[in-house]
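I will look things up one by one and jot down what I find.

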Amino acid sequence: MIVVPFFSTWHAPFVEAALSAGGEACRVLAAGSEEAVRAGLEAVNNDACYAALLAAGRTVELLRADGGASDAMRARAAAAAGRRVDVSCASDEPLRVAVPSPCVRCRGDDAPYLVRQALAASELGGGVPVIDGIEALESAAADARAVARLADALAFGDALLQARLRIRPYTGPADALALDALLAACADRARGALAADAFALEEGLHVLDKELSDFGAPARDGRPIVGVVGALPAVFDERMNAGLVASIEREGCEVALPYLLPLAAAALRGKGIAVPLGAALDERCLVLQRFAGAGFRCPTARDLERAGTEIVPRFLVQGAGWAIAGAALLFARAGVRDLVYARTFGCLAGQVTGQGAVKPLRVRCAAEGMDASIATIEFDPGTSEVNQLNRIKLLTAVAKRAAKRRRNNP
């Protein structure tokens with residue numbers, strides 16, 4: 001069985017189903033309790049890459065849990081009894097851990113080492129190989145069906161996420177429950193089809209469009225739309241960003257998240273790997289552009305590059321390179337003028353090509369007549385959630401005042 005600590009709860013179930021269809025059982029870990037953070041901190045310094053820390057903690061949490069996919073997962077009782085557990089020998093099904101690193105030439109590349117260190121410190125790591133996600137992707141890229149399944153999985157995760165973000169803030173309590181049930185049913189069908197290697201993306205999107213038509217496209221009521229940009233884990237990982245989407249929506253705003261497809265394709269290009277998968281992701285971007293349920297157009301990786309390199313030099317590829325700036329500028333041009341830049345301490349994507357791009361991004365927006373507001377929120381294991389919530393309340397209050405001003409002075 002392969003274990004993949006992932007960074008997006010929105011996409012993880014589909015990735016798990018797509019990978020499992022290859023014949024090897026797979027667990028994709030993107031949720032996790034506060035225990036996952038504590039487990040990571042037990043073996044990883046808190047100044048390490050936060051995404052890597054969470055990857056380590058989620059893996060340890062799974063292997064400690066009772067039940068799970070095999071006897072190897074029942075390590076909690078053995079650990080409590082003071083016995084050393086060799087996971088590779090505890091099950092007839094060998095385990096491997098594949099750790100994806102979505103950023104380029106950054107501290108996240110240490111994630112496989114940190115996961116090994118955490119497993120060893122927790123006495124769970126005897127004989128469990130931990131490989132870099134690059135190695136796993138390069139292997140998968142040789143299988144055309146595996147490439148198609150993985151690209152379809154990410155694309156359908158994007159479609160469901162974008163539909164939910166666009167519709168749910170404008171529904172009443174009863175309709176919100178109905179929408180959640182509808183999206184859950186669509187997700188279940190897609191997972192089953194992906195696991196059986198029988199998923200057709202365009203057909204799935206057509207069915208989703210038809211089912212969402214009962215809700216229509218709710219008219220925006222003037223509330224501000226707050227876009228979130230940053231390194232992939234900081235944007236999509238709800239554990240890392242303390243439920244940022246829900247916090248912003250509670251303040252009466254709509255949230256816009258970037259599509260994962262083009263950001264993942266840009267990361268693959270930056271790493272120079274898995275070319276067939278990158279091409280497949282770009283093809284799915286074009287498919288999603290025809291999907292009516294999404295609120296914003298899905299760009300391709302080249303669209304991101306064209307926009308991002310207006311702000312960040314093309315040769316600067318560390319971290320997320322030009323992708324963060326590209327996503328932010330495309331949001332602003334689509335009318336999303338209030339942006340949250342989510343970052344973590346010591347993140348190359350954040351400090352080099354994210355935070356450093358904020359000022360030139362403001363200059364570019366002003367030159368194009370866009371009064372963009374960009375606020376930074378830092379997420380770290382030791383950061384107070386109260387401070388984060390206060391920061392969110394402040395930025396949403398500013399966004400509401402700005403939205404009112406724009407309505408009065410179109």
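**Ground rules for pockets.** On a 1 Å grid over the protein atoms alone, I call a pocket an open set of points with protein on both sides within 12 Å along at least five of seven lines, whereas a cavity is a set of points where a 1.4 Å probe fits but cannot get out; lining residues have an atom within 4 Å of a point. Grid points are joined across faces, edges and corners, and a volume is the space filled by probe spheres set on the points.

**About the model.** I am reading a predicted model, in which local features need pLDDT of at least 70 and side-chain atom pairs count only at pLDDT 80 or more, while totals for chains, interfaces and linings use all residues. Residues are numbered from 1 along each chain as its sequence is written, and side-chain values use heavy atoms, with hydrogens and water left out.

**Second largest pocket.** I looked up its volume and found about 280 Å³. It has 13 lining residues, and nearest its centre lie Trp10, Leu160, Leu183, Ala184 and Ala187. H1, H7 and helix H8 (173–195) each give two or more residues to this lining; helices (H or I, at least four residues) and strands (E, at least two) are DSSP runs numbered from the N terminus. H8 gives the most, 6 residues. I sorted the lining into 8 nonpolar, 1 polar and 4 charged residues, where Ala, Val, Leu, Ile, Met, Phe, Trp, Tyr, Cys and Pro are nonpolar, Asp, Glu, Lys and Arg are charged, and the others, Gly among them, are polar.

**Largest pocket.** Here I read a volume of about 820 Å³. Of its 39 lining residues, Leu19, Gly133, Ala136, Leu137 and Leu150 are the closest to the centre. Among the elements giving two or more residues are strand S1 (2–5), helix H1 (12–20), helix H6 (133–140) and helix H7 (144–167). H6 supplies the largest share, 7 residues. The lining counts 27 nonpolar, 5 polar and 7 charged residues.

**Helix H17.** Which residues of H17 (355–367) are buried? I noted Ala357, Val358, Leu361 and Cys365, with buried meaning under 20% relative accessible area, exposed over 50%, and partly exposed in between (1.4 Å probe, protein chains only). An α-helix has 3.6 residues a turn, so residues three or four places apart point the same way. The buried residues of H17 pack against helix H15 (323–333) and strand S8 (373–378). Just after H17, Gly369 takes a positive phi of about 75°.

**Two loop residues with positive phi.** Most residues other than glycine have a negative phi. Asp197, in the loop between H8 and helix H9 (201–212), has a positive phi near 55°. Asp197 counts as partly exposed because its relative accessibility is 31%. Ala242 also goes positive, at about 55°, in the loop between helix H10 (232–236) and helix H11 (244–250).

**Ser101.** Is Ser101 buried or exposed? It counts as buried because its relative accessibility is 11%. Ser101 touches Gly108, Asp109 and Lys271, leaving aside residues up to four places away in sequence; a contact means heavy atoms within 4.5 Å.

**Whole protein.** I counted 18 helices and 8 strands. Of the 410 residues, 53% are buried. The C-alpha trace spans about 70 × 45 × 45 Å along its principal axes.
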